[in-house]
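The sequence and structure are shown first.

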Amino acid sequence: MKTKSGDFVLPGDALGVTEEFVPSEWTYEDEGRIRSLVAGTVAVDNKNKKISIIPKTSSPSMLRTGIVVVGQVSDVRGQRALIKLDSIKDNSRGLVTSFSGGIHISQAQKGYVAKLTDEFRIGDLIEAKVTKIIGIDNVDLTTAEEELGVLKAMCTKCRHYMKQTSRNEVECPNCGNKERRNLSSKYEG
């Protein structure tokens with residue numbers, strides 16, 4: 001192993017390998033290597049075979065399972081919507097690093113979803129809950145709760161923000177285009 005307890009590390013620094021340790025707080029796994037998410041001091045737990053970081057800042061914004069995040073839809077492909085995560089809801093500090101996530105069609109809403117493009121479109125701003133963190137570019141998300149979903153929808157024809165007309169429908173005030181979306185109960189359009 002490259003690092004030992006007490007070593008100072010920066011985000012992205014390699015700490016060890018997954019054959020020896022399990023990534024713990026403020027670390028992530030990247031192709032078999034355990035890396036630091038924040039600047040801080042290494043803490044190695046040899047008994048439980050875990051490696052973690054003690055952050056040098058008071059409270060870095062960090063993704064955890066169960067928290068709500070805000071992001072923007074960057075692509076919608078078949079069974080998965082890709083999301084660029086911007087921030088943690090109700091937290092003024094930015095994330096420690098840039099995260100990407102995805103919403104599988106089964107996690108878009110409760111019940112059957114025929115087409116994911118009826119739920120999300122590129123450019124939409126959304127709120128979603130983190131269900132699983134695999135790495136910085138693989139965070140699983142869900143919007144299958146009433147308060148989660150699209151906060152602001154962009155018209156696919158003229159790219160203006162749309163106004164809500166019913167529970168899951170929006171209309172563009174610029175061109176009159178109507179579209180379906182998985183709207184949050186807190187839609188701001």
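## Surroundings of Lys2

In this predicted model, Lys2 is in contact with Asp7, Ala14 and Leu15, when its neighbours within four places in sequence are left aside. Lys2 belongs to the segment that precedes β1.

Lys2 counts as exposed because its relative accessibility is 66%, and the cut-off for that class is over 50%. Val69 lies 67 residues away from Lys2 along the chain, and the C-alpha atoms of the two residues are separated by 33 Å.

## The four-stranded sheet

Which strand order does the open sheet of four strands have? The order is β1-β6-β7-β3, and the pairing is mixed. Its edge strands are β1, residues 8–9, and β3, residues 22–23, each of which pairs on one side only.

Strand β6 covers residues 40–45 and pairs with β1 in the antiparallel sense over two bridges. Within this pairing, Val9 has Gly40 of β6 as its bridge partner. As a general point, the strands of a sheet pair through backbone hydrogen bonds, in either a parallel or an antiparallel manner.

β6 and β7 run antiparallel and are joined by six bridges. One of the bridge pairs links Thr41 to Ile54 in β7.

The two strands form a hairpin, with four residues between β6 and β7. Lys49 is found in the turn of this hairpin and has a positive phi of about 55°.

Strand β15 comprises residues 169–171 and is joined to β16 by three bridges, the two strands running antiparallel. In this pairing, Glu169 has Arg180 of β16 as its bridge partner.

## The chain as a whole

How many helices and strands does the protein chain have? The count is zero helices and 16 strands. Along the principal axes, the C-alpha atoms of the chain fill a box of roughly 60 × 30 × 25 Å. Among contacts between residues at least 6 apart in sequence, 53% join residues that are at least 24 apart.

## Burial, surface and charge

The protein chain has 189 residues, of which 40% are buried. The chain exposes about 9800 Å², and carbon and sulfur atoms supply 47% of this area.

The charged side chains comprise 28 positive and 25 negative ones. The centres of these two sets lie 1 Å apart.

Methods: Residues numbered from 1 in each chain as written. Predicted model: local features only at pLDDT ≥ 70, side-chain atom pairs only at ≥ 80, totals over all residues. Heavy atoms only, no water. Pairing = 2+ DSSP bridges. Buried < 20%, exposed > 50% of the residue type's maximum accessible area, 1.4 Å probe, protein only. Contact = heavy atoms within 4.5 Å. Areas by Shrake-Rupley, 256 points an atom, 1.4 Å probe, with all protein chains shown as cover. Lys, Arg positive; Asp, Glu negative; His and termini not counted. Charge placed at Lys NZ, Arg CZ, Asp CG, Glu CD.
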